[in-house]
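Could you go through the points below with the model open beside you?

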Amino acid sequence: VDLIPRQQIEDAERRLFELAETGRYDGGFEAFTDAVKDAIEMASAAHQRDGHLSGLSTGIHRLDTMMGGLQGSDLIILAGRPGMGKSSLATNIAFNIAASYEPVPQADGSMKAANGGVVGFFSLEMSSEQLATRIISEQTEISSSKIRRGEITDEDFRKLIACAEMMQKIPLYLDQTGGISIAQLAARARQLKRQRGLDLLVIDYIQL
């Protein structure tokens, strides 16, 4: 089947990324000793990580207790009726993971997260500015409607500035492109992984 140039580039990039990540393109059998090594590395990471979780801590204790953190192979769907707080929960988890990021250099020069992680956030419904305002509002406990209308005190404004300065240091990357295809989304995620690292990907919301 003839593919348009953009699709050819995305397909070639996907194949190269898989090869770089796994050392092999096809699937097939894996030696049990390799699986055991992976299991021990996971247990070691959990032992050293805050909270002794095998996965990324969401920053929400009860959720972490139930799930053991977010695992590298997980696809988690937050489902609920409109206005139930799905975006708010996803935003809080993304922020908590990025804010607790502690990188550790590896032998090959790359960085690996000892705690927290690098987060990519596809905001398909709201702009990056709206998402940032929501996060700042939740972290400072200042109403986002008050922030938008400028109905804040000098003390509130100092809180906003301090929060913004802190947020500039965390590895949380936003993409507000609407109408994006799955292939484009995957290509951008691979690019972020290659350039900055990537431990958690949030899509708000997947129906779009």
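1. D64 is buried, at 7% relative accessibility (buried means under 20% relative accessible area, exposed over 50%, partly exposed in between, with a 1.4 Å probe and protein chains only). D64 belongs to helix α3, residues 61-67; helices here are DSSP runs of H or I with at least four residues, strands are runs of E with at least two, and both are numbered from the N terminus. A polar atom of the D64 side chain sits 2.9 Å from the backbone nitrogen of T58. If neighbours within four places in sequence are set aside, D64 touches L53, L56, S57, T58, G59 and G69 (contact is heavy atoms within 4.5 Å).

2. A word on what we're looking at. This is a predicted model, where local features need pLDDT of at least 70 and side-chain atom pairs count only at pLDDT 80 or more, while totals for chains, interfaces and linings use all residues. Residues are numbered from 1 along each chain as its sequence is written, and side-chain values use heavy atoms, with hydrogens and water left out.

3. The overall layout: the chain has eight helices and five strands, in the order α-α-α-α-β-β-β-α-α-α-β-α-β from the N terminus. Of its 208 residues, 27% count as buried. Among contacts with a separation of 6 or more, 59% are between residues 24 or more positions apart.

4. Now the open sheet. Its three strands are ordered β4-β3-β5 with parallel pairing (two strands pair if DSSP finds at least two bridges between them). β4 (172-175) and β5 (200-204) are the edge strands, each pairing on one side only. From one strand to the next the twist averages 15°, taken between lines fitted to C-alpha atoms, with angles running from 0 to 180 degrees between N-to-C directions. Strand β3 (residues 119-123) is joined to β5 by five bridges, and F121 has V202 as its bridge partner in β5.

5. Please look at the peptide bond between D204 and Y205: it is cis, with omega about 0°. Y205 lies in the segment after β5.

6. Which residues of α5 are buried? They are L131, T133, I135, I136, S137 and T140, and their cover includes α4, β3, α6, α7 and β4.

7. E141 is in the loop between α5 and α6 and is exposed, with a relative accessible area of 75%.

8. Last, α7 (residues 154-167): its 14 residues reach 20 Å from first C-alpha to last, close to the expected 20 Å. D156, L160, C163 and M167 are its buried residues. They cover an arc of only 70° around the axis, so they lie on the same side of α7 (the arc is that of the directions from the helix axis to the C-beta atoms). The general rule is that an α-helix has 3.6 residues a turn, so residues three or four places apart point the same way. D154 and R158, on the other side of α7, are exposed. The cover over the buried residues of α7 includes α4 (86-99), α5 (128-140) and α6 (144-149).

Technical notes: Expected span 1.5 Å × (residues − 1). Polar contact = N/O pair within 3.5 Å; in protein donor to acceptor, adjacent residues only side chain to side chain.
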